[in-house]
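Here's a quick briefing to read alongside the model.

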Amino acid sequence: MLQFAILSIMNIKTNIPFSELTTMKLGGPAKFLAEATTVQELVDLYRNAKRLGQRVLIIGGGSNLIVKDKGFDGLVIKNRIPGFSVIEDDGASQTIKIGAGEDWDSVVARSVDMGLSGIEALSAIPGVSGAAPIQNIGAYGQEIADTLVYVEAYDSQTDTLVKLSWEDCGFSYRHSIFRGSAQGRFAITAIVLKLYKKSPTPPFYAAIEKYFEELAITDYTLAAVRNAVITIRTNKLPDPVQHPNSGSFFKNIVVEKWQANAILEKYPDMPSYKMDGDHLKIPTGWLIETADLKGELLHGMRIHTGNALVLINESATSYADLAAARDEIISTVRDKFQVTIEQEPLEI
Ligand code: NAP
């Protein structure tokens, strides 16, 4: 009885398939689904779910989420908390507080229009702002950890609203505590970024340099970098509305030097980039392509011809199909190069 009363007061829907909530368009049902447009709504939803003995999952745009066929037996909350305000200006920089439900790319567009640098290379990344710190989104030489000052969050363990500093977030390459040791504990309600009033300076990543060269652009404005990234990404990544996908399905891999050297002995043309003393980054797209998998259709999943990091759900009917395709790709790459590539989207 209590359950039904709460469901109707809080506008909670039932049994919504994750194929409608994720851009990969796969996955079983969400038992309950609600939207939070304020911090208080989010906290109330959490507390009521706890009273009813339900687990909680926070989602944004569903662009980096894979759900198994059994779905989620609990309450799914779509984070729609808005907000964009300058909270400090020291002359050289502005500190901006952004609601976790704000569309990330609109935030980038706005910061570029304001002449603020720090996230312009993170243009055209799908999803909401609150999801950005979770995997420490990064592209073309920038990552959100470079500009993030703190996040505000609801701590479901202590039932309090907290501020987590940059150090607390435990950032590393495409990783943070939010997808590691503290997964499922915090619901991010706002992020705070410090952006600088300056223009981007070369050197840029090769793809951006090439774009500038082709268009004879020598005035490296924030808008020029944003346009370059949007063009590069649009050409490489399929539109999820037409071709269901989760963006890069595999992470670019970081390996030990000796592992990279072993591959380089056989494939001297393999691209690799120095990380720290003992580690190198290898483009996973190159590994998949060199294993002759680009363009293949495995269990209804197409390995995208424009970018082998992307899997398109062409005719898969279940998570099981996706998992079979993923495992086949991982084992083919492992057999050929003796390194293990990893899935990037979070999975529940
Ligand atoms: P890409 O630009 O060829 O990058 C492939 C890999 O090579 C990446 O790991 C990238 O490092 C590295 N790389 C390329 N040029 C580099 C340079 N000048 N210095 C250091 N490292 C360099 O193709 P891609 O895989 O499509 O990636 C494009 C961009 O999107 C990359 O920056 C990539 O990290 C980013 N991306 C981000 C996510 C995410 O946030 N979850 C997912 C997929 C791709 P970096 O990764 O350090 O940039």
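How much area do domain 2 and domain 3 bury between them, and what share of it is on carbon and sulfur atoms? The two domains bury about 1000 Å², with 70% of it on carbon and sulfur atoms; buried area here is the accessible area (1.4 Å probe) that two parts lose on being put together, summed over both. Bear in mind that this is a predicted model, where local features need pLDDT of at least 70, side-chain atom pairs count only at pLDDT 80 or more, and totals for chains, interfaces and linings use all residues. Residues are numbered from 1 along each chain as its sequence is written, and side-chain values use heavy atoms, with hydrogens and water left out.

- The chain splits into domain 1 (2-79), domain 2 (84-196), domain 3 (206-236) and domain 4 (245-347), with bounds that come from an automatic or database domain assignment.
- Between domain 2 and domain 3, the C-alpha centres are 24 Å apart.
- Domain 2 puts 14 residues into that contact and domain 3 puts in 10 residues, where contact means heavy atoms within 4.5 Å.
- Val 112, Ser 123 and Tyr 140 account for 50% of the area that domain 2 buries against domain 3, more than any other three residues.
- There is 1 salt bridge between domain 2 and domain 3 (a side-chain nitrogen of Lys or Arg within 4 Å of a carboxyl oxygen of Asp or Glu).
- On the domain 2 side that touches domain 3, you get 9 nonpolar, 3 polar and 2 charged residues; Ala, Val, Leu, Ile, Met, Phe, Trp, Tyr, Cys and Pro count as nonpolar, Asp, Glu, Lys and Arg as charged, and the others, Gly among them, as polar.

**Salt bridges**

- The structure holds 15 salt bridges.
- One of them joins the side chains of Lys 31 and Asp 73 at 3.5 Å, N to O.
- That pair ties together distant parts of the chain, with Lys 31 in strand β2 (residues 29-36) and Asp 73 in strand β5 (residues 72-79), 42 residues apart.
- Asp 105 and Arg 226 also form a salt bridge, with the closest N and O atoms 2.8 Å apart.

**Strand pairing**

- For the labels, helices (H or I, at least four residues) and strands (E, at least two) are DSSP runs numbered from the N terminus, and two strands pair if DSSP finds at least two bridges between them.
- β2 pairs with β5 in the parallel sense over 6 bridges, and Glu 35 has Lys 78 in β5 as its bridge partner.
- β1 and β2 run antiparallel, joined by 4 bridges, with Leu 33 in β2 as the bridge partner of Lys 13.
- β10 (residues 148-155) and β11 (residues 160-165) are antiparallel with 6 bridges, and Tyr 150 sits opposite Ser 165 in β11.
- An open sheet of 4 strands runs in the order β13-β19-β18-β17, with antiparallel pairing.
- β13 (245-248) and β17 (297-298) are the edges of that sheet, each with a single partner strand, so one side of each has no neighbour in the sheet.
- β17 and β18 (residues 301-303) pair over 2 bridges, with Leu 298 opposite Met 301 in β18.

- Pro 202 and Pro 203 are joined by a cis peptide bond, with omega about 5 degrees; Pro 203 is in the loop between β12 (186-196) and α5 (206-214).
- Asn 15, in strand β1 (residues 13-17), has a positive phi near 50 degrees in a residue other than glycine.
- Asp 159 takes a positive phi near 55 degrees in the β10 and β11 hairpin, which has 4 residues between the strands.
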